[in-house]
Amino acid sequence: MAPRKKKAQITVYLEPDTMALLADYAARRDQPQSLVAEAAIASFLSPDAAERREAAIAKRLDLLDRRMTRMERDVGISVETLAVFIRFWLTTTPALPEPAAQAARAKAGERYEAFVAALGRRLAKGPKLIQEVTEDQAAPTP
């Protein structure tokens, strides 16, 4: 068995916050601070450290890309849903005669304000429509 080489000692000055992080990490792992510091330095100086960082960044970017793709899909579904509803409403709702149209215009502002208030309440606390649609689709039909 080859004789074990003695480790070299160095003195390092750390910011108080960094020292606190080191002490906390070592305590949580039940390891000496010098062992944690040695592993951190070895990792930092390792030739594959840059590749590991690049792989971690690529993984995060892939996750963000998947989230953006899902958001684009959801926005597309929302826009199509709104367009289909508007087309359906416009084709099935007959125009009002002029005296009734004037009364309807007078009531429109009040109804719009009620709509915006209801939308605000729903966005603030209620389940989102996409959740309800998903739940409705998953529910067994009688």
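In what follows, Ala, Val, Leu, Ile, Met, Phe, Trp, Tyr, Cys and Pro count as nonpolar, Asp, Glu, Lys and Arg as charged, and the others, Gly among them, as polar. The model is predicted, so that local features need pLDDT of at least 70 and side-chain atom pairs count only at pLDDT 80 or more, while totals for chains, interfaces and linings use all residues. Residues are numbered from 1 along each chain as its sequence is written, and side-chain values use heavy atoms, with hydrogens and water left out.

The second largest pocket has a volume of about 540 Å³. A pocket is here an open set of points, on a 1 Å grid over the protein atoms alone, where a 1.4 Å probe fits, with protein on both sides within 12 Å along at least five of seven lines; lining residues have an atom within 4 Å of a point. Grid points are joined across faces, edges and corners, and the volume is the space filled by probe spheres set on the points. The lining holds 15 residues, of which I10, S34, A37, E38 and I41 are the closest to the centre of the pocket. Two elements, α1 (16–29) and α2 (33–45), each give two or more residues to this lining; helices are DSSP runs (H or I, at least four residues), numbered from the N terminus. The most, 6 residues, come from α2. By class, the lining has 9 nonpolar, 4 polar and 2 charged residues.

The axes of α1 and α2 are 9 Å apart, and the packing angle is about 110 degrees. Axes are lines fitted to C-alpha atoms over the stretch in contact, and angles run from 0 to 180 degrees between N-to-C directions. The two helices α1 and α2 are therefore roughly perpendicular (65 to 115 degrees). In α1, the residues M19, L22, A23, Y25 and A26 meet Q33, V36 and A37 of α2, where contact means heavy atoms within 4.5 Å. This contact of α1 with α2 has 7 nonpolar, 1 polar and no charged residues.

I10 is found in the segment before α1 and counts as exposed because its relative accessibility is 60% (exposed is over 50%, buried under 20% and partly exposed in between, with a 1.4 Å probe and protein chains only).

D30 is found in the loop between α1 and α2. Its phi is near 55 degrees, a positive value in a residue other than glycine, and at 68% relative accessibility D30 counts as exposed.

S43 lies in α2 and, at 32% relative accessibility, counts as partly exposed. Beyond its neighbours within four places in sequence, S43 is in contact with A49 and R52.

How values were computed. Parallel < 35°, antiparallel > 145°, perpendicular 65-115°, else oblique.
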